[in-house]
Amino acid sequence: MTGVMDKQASFQPETEKSAQFYNEDCEDQLKLGRFMIKKLNIPKGAHVLDIGCGPGTLTVEIADDVGPTGNVIGIDLGEERIKIALQTHKDPTLNTYRPNVSFIVGDAHNLSHFPDNHFDYVVANTVIHYLDLRKALKEAFRVLKPGGTFAASSVSGDHTCPPFAIKKEVQSRGYYRAHIAPTMDLFDFPTQSGLEALFLDSGFQCASFDLIHSTLVRKDPRAMINYVDASCSGTYIRSFPEAIQATAWADFEAEFEKFRTERGIELEYVGMTAYATKA
Ligand SMILES: C[S@@+](CC[C@H](N)C(=O)[O-])C[C@H]1O[C@@H](n2cnc3c(N)ncnc32)[C@H](O)[C@@H]1O
């Protein structure tokens, strides 16, 4: 699992449609984030940075926790996602952005907009699999105040996650090898031991973890693929060359069909939340 953490970000700019789709169907990912934020019990007045904030739903919930004396900044590499965050989260009474929230386009690997020792918390909900974590943790550590906490949620790399096991198997088939690399847009999600080692290497202390057993249900394979693709910013299947799109959809749908229950397509996976403190 070690090579995983050294990789460069595999994020690609997405379309407005995919960003919108994610905004409309991200409750499953928000569940992990809400678990993490509840566990942090962020006090009023805290200063928080939400890296990879996406359309900002969790960012605004954190802003409610910190209240008017606190402040939350959401930062995301995806311009389309920040556009949605800015459009969605206006204060209904002021018809302007909430005074204690701001959203900016930016890269978690380079937080040079922010001074050292600035935030009480840096949080990252379902983002870290995109990142070169050595670089991103170095930056998170720098901008945190002494005593501040970094918290992240992710799919657990210690357990199989069916959509990504399917992707790995399908695109290793001979037909695909003629068109794409077998590893194209495959994530290696962090393991607990890999993440713990990286925390310690980056100067953090007191790493702790939770595992969250979760189930994804969608009415049919197509709906499940659409959800997974949007949650991966269009890099699950839509990033394949046009020439193989139809075959890929048929092959992926056949694999997802194997997970049919009376509720629809039902997939179990394990989420992980991780917490580390800057002494
Ligand atoms: C699965 S979404 C999660 C969004 C949000 N945290 C939520 O809870 O809804 C992952 C997000 O990470 C962002 N992202 C990927 N690489 C990034 C980077 N290097 N810096 C900042 N954001 C990044 C993507 O644009 C995307 O919005």
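Tutor: A nonpolar core is a set of buried Ala, Val, Leu, Ile, Met, Phe, Trp, Tyr and Cys residues joined through C-beta atoms within 7 Å. This is a predicted model, in which local features need pLDDT of at least 70 and side-chain atom pairs count only at pLDDT 80 or more, while totals for chains, interfaces and linings use all residues. Residues are numbered from 1 along each chain as its sequence is written.

Student: What makes a residue such as F187 count as buried?

Tutor: A residue is buried if 20 or more other C-beta atoms lie within 10 Å of its own, exposed if 12 or fewer, and partly exposed in between, with C-beta atoms placed from the backbone. F187 has 21 C-beta neighbours inside 10 Å, so F187 counts as buried. This residue is found in the loop between α8 (174–177) and α9; helices (H or I, at least four residues) and strands (E, at least two) are DSSP runs, numbered from the N terminus.

Student: Why is N41 called exposed, and where is N41 found?

Tutor: N41 has 7 other C-beta atoms within 10 Å, and is therefore exposed. N41 is found in the loop between α3 and β1 (47–51). Its phi is positive, about 50 degrees, although N41 is not a glycine.

Student: Why does S233 count as buried?

Tutor: S233 has 25 C-beta neighbours inside 10 Å, so S233 counts as buried. S233 lies in the loop between α10 and α11 (242–257), and also has a positive phi, of about 55 degrees, without being a glycine.

Student: Which residues have the most contacts inside the largest nonpolar core?

Tutor: They are V48, L49, I62, Y121, V122, F150 and A151, in a core of 67 residues. Apart from it lies another core, of 6 residues, including V155, C161, F164 and F187.

Student: With which residues is L49 in contact, leaving aside its neighbours within four places in sequence?

Tutor: Two residues are in contact if their C-beta atoms, placed from the backbone, lie within 7 Å. With those neighbours left aside, L49 is in contact with I73, I75, F119, V122 and V143. On the same terms, F187 is in contact with H129 and F164.

Student: How do you know that the span of α3 is close to the expected one?

Tutor: The expected span of a helix is 1.5 Å times one less than its number of residues. α3 has 14 residues and reaches 20 Å from its first C-alpha to its last, close to the 20 Å expected.

Student: Why are the buried residues of α3 said to line one face of the helix?

Tutor: The buried residues of α3 are Q29, L32, G33, M36 and I37. The arc is that of the directions from the helix axis to the C-beta atoms. The buried residues fall within an arc of 130 degrees, so they line one face of α3. On the other side of α3, E27 and K38 are exposed.

Student: What puts the buried residues of α9 on the same side?

Tutor: In α9 (residues 192–201), L195, L198 and F199 are buried. They cover an arc of only 105 degrees around the axis, which puts them on the same side of α9.

Student: Which residues come nearest to the ligand?

Tutor: A residue is near a molecule if its C-beta atom, placed from the backbone, lies within 6 Å of it. Of the 27 residues around the ligand, G52, G54, G78, A108 and N125 come nearest. α3 gives the most to this shell, with 3 residues.
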